[in-house]
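Welcome, and thanks for taking a look at this model with us.

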Amino acid sequence: MIKLIARIYFKTCYNFKVEGLENIPKTGALIIAGNHLSNADPPAIGSFAGLVRDSRFVAKKELFAVPGLGWFFRRSGYIPVDRARTIGDFGALKEVVHALEKGESVVMFPEGTRSRNGRPQKPKSGIGFLVYKTGAPVLPVKVEGTFGWPWVRKIRVKFGTVMRLEKDPALEPKAQYKQFANQIMDAINSINI
């Protein structure tokens, strides 16, 4: 019901266009990785990806403390992440690994936070770790027009094509995490809308 309401909201209130839904695999482990411009990005991606398959979301733990919203997130299977941890939230990473091992789809934002200027940021290495650990394919998705939301008028969401990243035995794992994260962010930024 929430996804339906979000779709109606975006289609009614904005010049909204979504492309590439046919690129979302219907089954199997999947990381949907998107850029992050505003609070509108998760529902813009999730409500339309939900037409193909359900996904879990990685969300900052502070949202779980908001009355009502926290209850909704917990009931919807969102995974809280503590972004303040300097070496990563291993509990959240473990939960995402478990979800992927069960063949679930997880939506993440590699930048780890919203852009403050509307331009792409450098990714965190956590997404690279998850790909390295699980071998899960990644579906890059780009959102345009949500910076400045809700005052914007034109929003675009485009799902790219699934990418599979192969381990390089010549690289140390931590270097590989960073390389994978950069490759994913490059794929997101290279989507033409």
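## Rings, helices and loops

A search of the whole structure, which is a predicted model, turns up 13 aromatic pairs. One of them joins F57 and Y78, whose rings are stacked, with 5.1 Å from centre to centre and 15° between the planes. This pair bridges distant parts of the chain: F57 belongs to strand β3 (residues 56-60), while Y78 sits in the loop between α3 (69-75) and β4 (79-81), 21 residues apart. Are these two residues buried or exposed? Both F57 and Y78 are buried.

Aromatic residues also gather elsewhere, as Y9, F10, Y14, F16 and F48 make up one aromatic cluster.

Next, have a look at the helices. Helix α5 (residues 126-134) packs against helix α6 (residues 173-189) at an angle of about 110°, and their axes are 7 Å apart. Because angles from 65 to 115 degrees count as roughly perpendicular, α5 is described as roughly perpendicular to α6. On the α5 side, the contact is made by I127, G128, F129, V131 and Y132, and on the α6 side by P173, Q176, Y177, F180, A181 and I184. Sorted by class, this contact of α5 with α6 holds 9 nonpolar and 2 polar residues, with no charged ones.

Now for the loops. The one between β6 (138-144) and β7 (154-159) holds W151, and P150 lies in that loop too. What is the form of the peptide bond from W149 to P150? This bond is cis, with omega near 15°. In general, most peptide bonds are trans. W151 is exposed, since its relative accessible area is 71%.

G112 counts as partly exposed because its relative accessible area is 27%. Leaving aside residues up to four places away in sequence, G112 touches R83 and K124.

| Residues | Separation in sequence | C-alpha to C-alpha distance |
|---|---|---|
| W151 and Y14 | 137 residues | 9.6 Å |
| G112 and G126 | 14 residues | 9.1 Å |

Y14 in the table is one of the members of the aromatic cluster described above.

Terms used: Residues are numbered from 1 along each chain as its sequence is written. This is a predicted model: local features need pLDDT of at least 70, side-chain atom pairs count only at pLDDT 80 or more; totals for chains, interfaces and linings use all residues. Side-chain values use heavy atoms; hydrogens and water are left out. Axes are lines fitted to C-alpha atoms, for helices over the stretch in contact, and angles run from 0 to 180 degrees between N-to-C directions. Helices (H or I, at least four residues) and strands (E, at least two) are DSSP runs, numbered from the N terminus. Angles under 35 degrees count as roughly parallel, over 145 as roughly antiparallel, 65 to 115 as roughly perpendicular and the rest as oblique. Contact means heavy atoms within 4.5 Å. Ala, Val, Leu, Ile, Met, Phe, Trp, Tyr, Cys and Pro count as nonpolar, Asp, Glu, Lys and Arg as charged, and the others, Gly among them, as polar. Rings of Phe, Tyr and Trp (its six-membered ring) pair if their centres lie within 6.5 Å; planes under 30 degrees apart count as stacked, over 60 as edge-to-face and the rest as tilted. Buried means under 20% relative accessible area, exposed over 50%, partly exposed in between (1.4 Å probe, protein chains only).
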